[in-house]
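Have a look at the display first, then try each task before reading on.

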Amino acid sequence: QDRSISIEEQITAYKHQKDVVILAHYYTDSSVQALADYVGDSYYLSKIAVEVPNKIIVFCGVGFMGESAKLLNSDKIVLMPDVEADCPMAHMASVEKIEAVRKANEDVAVVCYINSTAAIKAASDVCVTSANAVKVVRSLPNKTVYFIPDANLGRFVAAQVPEKRFLFNDGYCHVHTTITAEGVVRTKEKHPESLVLAHPECTPEVLAVADYIGSTSGIIEYATASDQSSFIICTEKGILYKLKQDNPKKRFHFVDGGQVCHNMKRITPQKVLKQLEQMDQAVELDKALSERAGHALDQMLLLAK
Ligand code: 13P
Ligand code: SF4
């Protein structure tokens, strides 16, 4: 490596040489978002992964995001800068429990939040993200929905789709559930002019005091379009980079100093560069499993249109 040129310049040089595109989630460090070609929420990133012409995708996010990009593009190479960046919630459902629920309920749709392993997706009927869950669930013909892994997103969706019967699982995000309604109220007392914008992975008590509930992209779009200039943001702190970029004059407050997803923060520009050099951390998935898991994701893209 030539240390006289910056990491960013070296990454750009590799991108031109190797037909690479870099995707990053809003929760990654701002230094990573700054070097990515596309930054977005899980839904946007899964659509972009299909649309980009590049043969190689470097995915700056946690494991399920890279797996999803690979499931949607079996012919592309999906490289992960840190294979240990994992989302604990992605493991909070079980294939055995899904089978048991299917046996006990005749007409059940197993709806799987994209924050899940490929094995869990393979046992499901359709995937959703926080940006499209209500639309996708509403469009299903089934009367009963088994929503996995996240109970908080599941309950949020259930409230919007009262015509269906919901069975919940007990998964949760340990980052979002540290935000308490009391914490939001305390923050609002300090900044009473603020609107509360929350991610649906927050607890029902936090969602009950929110003015807007949506995905990371939804929160950014809402804050950007709003006439208000002050907001309390109930999601991971990495979102601040884009919020500030698009709204330099608006103020954004977080509860208790802000929440951090340490798995997302494992991704660094150094690791992106190393992966571009070595290209040895490609997502590899079993073929039969990929077909079934890919089907659940394809169904999502179809129904969310
Ligand atoms: P979004 O799809 O809203 O970006 O959320 C992803 C996620 O992991 C939330 O914790
Ligand atoms: Fe997973 Fe929570 Fe991190 Fe999102 S914020 S990737 S749900 S641990």
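**Exercise 1.** Which residues of H4 are buried?

*Solution.* A word on the ground rules comes first. This is a predicted model, in which local features need pLDDT of at least 70 and side-chain atom pairs count only at pLDDT 80 or more, while totals for chains, interfaces and linings use all residues. Residues are numbered from 1 along each chain as its sequence is written, and chains are lettered from A and ligands numbered from 1 in the order in which they are written.

Step 1: Helices (H or I, at least four residues) and strands (E, at least two) are DSSP runs, numbered from the N terminus. A residue is buried if 20 or more other C-beta atoms lie within 10 Å of its own, exposed if 12 or fewer, and partly exposed in between, with C-beta atoms placed from the backbone.

Step 2: apply them. The buried residues of H4 are Gly-63, Phe-64, Met-65, Gly-66, Glu-67, Ser-68, Ala-69, Lys-70 and Leu-71.

Step 3: find the packing partners. Contact here means C-beta atoms, placed from the backbone, within 7 Å of each other. By that test, the buried residues of H4 pack against strands E1, E3 and E4, and against helices H3 (42-51), H6 (118-122) and H14 (287-303).

**Exercise 2.** Describe the pairing of strand E1 (residues 20-25).

*Solution.* Step 1: check its cover. In E1, 5 of the 6 residues are buried.

Step 1: look for partners, remembering that two strands pair if DSSP finds at least two bridges between them. E1 runs parallel to E3 (residues 56-60), with 5 bridges joining them; here Val-20 has Ile-56 as its bridge partner. E1 also pairs in the parallel sense with E2 (residues 38-40), over 3 bridges, and Leu-23 is partnered by Tyr-38.

Step 2: follow the chain. E1, helix H2 (residues 30-35) and E2 form a right-handed β-α-β unit. Right-handed means that, with the strands pointing away from the viewer, the path from the first strand over the helix to the second runs clockwise.

**Exercise 3.** In what order do the 4 strands of the open sheet containing E11 lie?

*Solution.* Step 1: write the order. The strands run E10-E9-E11-E12, with parallel pairing. E10 and E12 are the edge strands, each pairing on one side only.

Step 1: take E11 (residues 230-234), which has 4 of its 5 residues buried. E9 (residues 195-198) is joined to E11 by 4 bridges, and Leu-195 has Phe-231 as its partner. E11 and E12 (residues 251-254) likewise pair over 4 bridges, with Ser-230 opposite Arg-251.

Step 2: trace the crossover. From E11 the chain passes through helix H12 (residues 240-246) to E12, in a right-handed β-α-β crossover.

**Exercise 4.** Why does Glu-84 count as exposed?

*Solution.* Step 1: count neighbours. Glu-84 has 9 C-beta neighbours inside 10 Å, so this residue counts as exposed.

Step 1: Glu-84 lies in the loop between strand E4 (77-79) and helix H5 (95-104). Its C-alpha is 9.9 Å from that of Met-264, although the two residues are 180 apart in sequence.

**Exercise 5.** Summarise the protein chain as a whole.

*Solution.* Step 1: count elements. The chain has 14 helices and 12 strands.

Step 1: Of its 305 residues, 45% count as buried.

Terms used
Contact = placed C-beta atoms within 7 Å.
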